[in-house]
Amino acid sequence: MKEGRPDTHAPAGLMGDHVHHQGEWMVEYKFQKMFMDGNRYGTQQVSDVEALDVTGIPFMATPTRMDMNMHMLHIMYGATDNVTLYFMPMWMELTMDHLRRNGTTFSTYNDGFSDLRFGALVLLYDTECSDLIFNFGMSAPTGNIHGTTTSASPMGAETQMPYPMQLGSGTFNFRPGITYKKYWEMASMGLQLQTNLPVGENYRNYHVGNEYQLNWWFARRVGERASLSFRTEGLWRDNYGGAGDPQLNPNMISTARTDMRGGFWFNLGFGGIYQFCDGSRLNVELVRPVYQDLDGVQLETDFQLFASWSKAW
C-alpha cells in the first residue's frame, strides 16, 4: 500500500519523515521563505512606534519587517533497509528593516551558510500500512554568529548584528525526533515530534533556546500522481540562555535581548505533492500562523512558504 505513491513524503515544511531502501540515494533541493511584518507584544499587535516603549524599555530602534530565504540541499542514503543517513547544507539570506526613535529608517542584510544538519533515520516499526521512524539528528555550528553591519549606525560605524540576523547557533545541537505515519488506500496521516536542543554555550556567551515542534497532517490522494495535505503545528521556543553576546546592548533594540526570543506559535499548513513519471516529486506548502504568543516584543510571523524537488534512485 505504501509503494509508489506521492504521499509517502510529508508536507514540504517537514523533514525526517521517511527512510530509503538499502543502497538507495535521494537528492532534494528545498527552498523556504519566511516573511515577518509588524510587531507583537505577547498576543497583541502593536505599531512600530509603540514597539519602542511597550515593554517599559525605551529602545532606540525597533525592527519593522524581516525576510528570510533559505536554500537547502538534502542528501539521503539508505545504509540498510532500516537505517537512512542524511546531511543537509543550507544557505541563508536575511534582510531586516528598522525604525529609529528619531523617525529615520535603515536596513541590514546577511547571507552565508547556516548550521549543517546531519543524522540517521531509524525505522523502528514497519507494516503494510504504517511506519514509526526515529530521527537521530544533530547540527554542527557552521553558521556565522559574528556578522556585522554599518547600516545601523548613523555615523556608519561597524556594529554587531543582533541575534535574528546571525546565520547559526554557534553550538552543536541535538535534534531528536519521532514520526508515525498511517496509510489508507486514498489517504494518509502523520504525527511528528521534532526538537532542537543546544549543547552548552557558544563562544559569544549564549545559546539559542530549546525548540519543540509537534505536527499532525492529513493527506488525500488525487489520482495516482498527486496528493493534497492539511497540517497543524504547535511550536514552542524557549528564550536564549547565558550572559548574552557582549557586543550587543540589550537596551538599544529588542532583537539584542536574550529574553525576547521565545514564544508559542500555532500554525496551519496547506500543501500538495505531484509525482512525475520518473518518480521525482514536486512538494509545495504554505504555512500561516493562527495564534502567536511571544515573549516580550518581537516581529510577528505572517507566512512561510516551502517548496522542494526530490529524486531517488
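**Aromatic pairs and their surroundings**

Guide: Both tyrosine 163 and tyrosine 206 are buried. This is a predicted model, and a search of the whole structure finds eleven aromatic pairs in it. Tyrosine 163 and tyrosine 206 form a pair, with ring centres 4.8 Å apart. Their planes meet at 70°, and an angle over 60 degrees counts as edge-to-face, so the pair is edge-to-face.

Tyrosine 163 sits in the loop between strand S10 (159–160) and strand S11 (173–174). Tyrosine 206 sits in the loop between strand S13 (187–198) and strand S14 (211–222). The pair therefore ties together parts that are 43 residues apart in sequence. Ring pairs also bring in Tyr240, which joins Tyr163 and Tyr206 in a cluster.

A second pair is made by tryptophan 236 and phenylalanine 264, whose ring centres are 5.1 Å apart. The angle between their planes is 45°, so this pair is tilted. Tryptophan 236 belongs to strand S15 (residues 226–237) and phenylalanine 264 to strand S16 (residues 263–275), so the pair ties together parts that are 28 residues apart in sequence. Arginine 237 lies over the face of another ring, that of tryptophan 265, at 4.9 Å from the ring centre.

Now to the nonpolar cores. In soluble globular proteins, nonpolar side chains tend to be buried together. In this model the largest nonpolar core has 15 residues. Met66, Met68, Met70, Met92, Leu94 and Met165 have the most contacts inside this core. Strand S1 (25–41), strand S3 (61–78) and strand S5 (90–100) are the elements that give two or more residues to this core. Leaving aside residues up to four places away in sequence, leucine 94 touches residues including Met66, Met68, Tyr109, Pro164 and Met165.

Glutamine 194 lies in strand S13. Glutamine 194 is buried, because its relative accessible area is 8% and the cut-off for buried is under 20%. Its side chain makes a polar contact with the side chain of asparagine 135, at 3.4 Å. Among the residues that glutamine 194 touches, not counting those up to four places away in sequence, are Asn135, Arg175, Glu211 and Tyr212.

Technical notes. Residues are numbered from 1 along each chain as its sequence is written. This is a predicted model: local features need pLDDT of at least 70, side-chain atom pairs count only at pLDDT 80 or more; totals for chains, interfaces and linings use all residues. Side-chain values use heavy atoms; hydrogens and water are left out. Rings of Phe, Tyr and Trp (its six-membered ring) pair if their centres lie within 6.5 Å; planes under 30 degrees apart count as stacked, over 60 as edge-to-face and the rest as tilted. Helices (H or I, at least four residues) and strands (E, at least two) are DSSP runs, numbered from the N terminus. Buried means under 20% relative accessible area, exposed over 50%, partly exposed in between (1.4 Å probe, protein chains only). A charge sits over a ring if NZ of Lys or CZ of Arg is within 6 Å of the ring centre and within 35 degrees of the ring normal. A nonpolar core is a set of buried Ala, Val, Leu, Ile, Met, Phe, Trp, Tyr and Cys residues joined through side-chain atoms within 4.5 Å. Contact means heavy atoms within 4.5 Å. A polar contact is a pair of N or O atoms within 3.5 Å; within protein, one must be able to donate a hydrogen and the other to accept it, and residues adjacent in sequence count only if both atoms are side-chain atoms.
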